[in-house]
Amino acid sequence: MKFVAFERSKQGTGASRRLRNSGKAPGIVYGGEGQEPKLVELDHNALWHALKKEAFHASILDMEIGEATSKVLLRDVQYHPYKQQVLHVDFQRVDAKTRLHMKVPLHFKGQEESQAVKTHANLVNHTMTEIEVACFPGDLPEFIEVDLSGLDNAGTVHVNDIKFPKGVKFVSHGKANPVIASAVPPVVEEEIVAPVAAPAADAKGKGKGKK
């Protein structure tokens with residue numbers, strides 16, 4: 001995925017504010033052996049629309065600055081607390097020979113054909129929507145597919161059930177085999193039968209003494 005950026009020389013709060021007022025978004029590009037961080041600016045509207053695309057967050061990007069093109073990853077975005085505005089964006093240069101850690105979105109398929117849903121009317125919860133992986137830039141997948149068609153009643157799918165692309169490994173952070181999705185059976189509510197009230201005593205008969 002390709003996008004255009006421009007070099008900027010001025011930095012600081014005032015300069016960034018003037019950029020935003022002119023329809024630009026300030027950013028920085030860092031990383032790369034022996035390379036200094038570079039201040040950049042981007043067209044705000046183009047950046048805003050790009051940020052809505054999943055691939056912009058989870059794939060290697062081609063950043064054009066003048067006649068040069070660099071491979072980068074989106075690393076951080078700062079948004080205005082209530083306006084639809086990007087305050088700052090960070091990119092990291094990609095070295096083809098350096099293994100990187102990256103969060104990749106999960107795409108689920110087949111749950112409607114599973115026994116859990118089709119036969120047992122389970123509700124399927126996606127416990128994780130993205131997963132962190134380690135790989136070389138050339139092996140980075142845009143997403144990882146999770147097939148739920150084999151999910152059974154009250155069943156679960158774990159990380160170890162996923163078939164990762166070649167060269168891609170899961171980064172566990174202490175959880176060796178976390179749950180990715182689980183099937184939850186429907187709650188069966190028991191019908192509560194109200195007790196039958198005893199017939200009321202005849203106001204004119206029972207319970208009254210004779211005079």
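Visitor: Which residues does Ala-121 touch, not counting residues up to four places away in sequence?

Guide: A contact means heavy atoms within 4.5 Å. By that rule Ala-121 touches Ala-116 and Pro-186. Before we go on, this is a predicted model, where local features need pLDDT of at least 70 and side-chain atom pairs count only at pLDDT 80 or more, while totals for chains, interfaces and linings use all residues. Residues are numbered from 1 along each chain as its sequence is written, and side-chain values use heavy atoms, with hydrogens and water left out.

Visitor: Where does Ala-121 lie?

Guide: Helices (H or I, at least four residues) and strands (E, at least two) are DSSP runs, numbered from the N terminus. Ala-121 sits in the loop between helix 4 and strand 9 (123-126). Its C-alpha is 6.8 Å from that of Pro-185, although the two are 64 residues apart in sequence.

Visitor: What is the phi of Ala-121?

Guide: Most residues other than glycine have a negative phi, and most peptide bonds are trans. Ala-121, however, has a phi near 55°, a positive value. Ala-154 has a positive phi as well, near 60°. That residue is found in the loop between strand 11 and strand 12 (156-158).

Visitor: Is Ala-154 buried, partly exposed or exposed?

Guide: Buried means under 20% relative accessible area, exposed over 50%, and partly exposed in between (1.4 Å probe, protein chains only). Ala-154 counts as partly exposed because its relative accessibility is 45%. For the protein, buried residues make up 36% of the 211 residues.

Visitor: How should I read a sheet, and in what order do the four strands of the open sheet come?

Guide: Strands of a sheet pair through backbone hydrogen bonds, either parallel or antiparallel. Here two strands count as paired if DSSP finds at least two bridges between them. The four strands form an open sheet in the order 11-8-10-13, with mixed pairing. Strand 11 and strand 13 (169-170) are the edge strands, each pairing on one side only.

Visitor: How many bridges join strand 8 to strand 11?

Guide: Four bridges join them, and these two strands run parallel. His-107 has Glu-145 in strand 11 as its bridge partner. Strand 10 and strand 13 run antiparallel and are joined by two bridges; Val-133 stands opposite Phe-170 in strand 13.

Visitor: Which residues form the covered face of strand 11, and which the uncovered one?

Guide: In a regular strand the side chains alternate between the two faces of the sheet. In strand 11, Ile-144 and Val-146 make up the covered face, whereas Glu-145 and Asp-147 make up the uncovered one.

Visitor: How many residues does the largest nonpolar core have?

Guide: A nonpolar core is a set of buried Ala, Val, Leu, Ile, Met, Phe, Trp, Tyr and Cys residues joined through side-chain atoms within 4.5 Å. The largest one has 25 residues, and Leu-106, Ile-131, Val-133, Leu-140 and Ile-144 have the most contacts inside it. Two or more residues come from each of strand 8 (100-109), helix 4 (115-118), strand 10 (130-135), strand 11 (144-147) and strand 14 (179-184). Strand 8 gives the most, with four residues. Apart from this core lies another, of 20 residues, among them Ala-5, Leu-42, Val-72 and Val-77.

Visitor: Which residues of helix 2 are buried?

Guide: In helix 2 (residues 44-51), they are His-44, Leu-47, Trp-48, Ala-50 and Leu-51. They lie on the same side of helix 2 because they cover an arc of only 165° around the axis, taken from the directions from the helix axis to the C-beta atoms. Their cover includes strand 3 (24-30), strand 4 (38-43), helix 3 (54-58), strand 6 (68-79) and strand 7 (86-93).

Visitor: Which side chain has a polar contact with that of Asp-62?

Guide: A polar contact is a pair of N or O atoms within 3.5 Å; within protein, one must be able to donate a hydrogen and the other to accept it, and residues adjacent in sequence count only if both atoms are side-chain atoms. The side chain of Asp-62 makes such a contact, of 2.7 Å, with that of Lys-71. Asp-62 belongs to strand 5 (residues 61-65) and is buried, with a relative accessible area of 17%.
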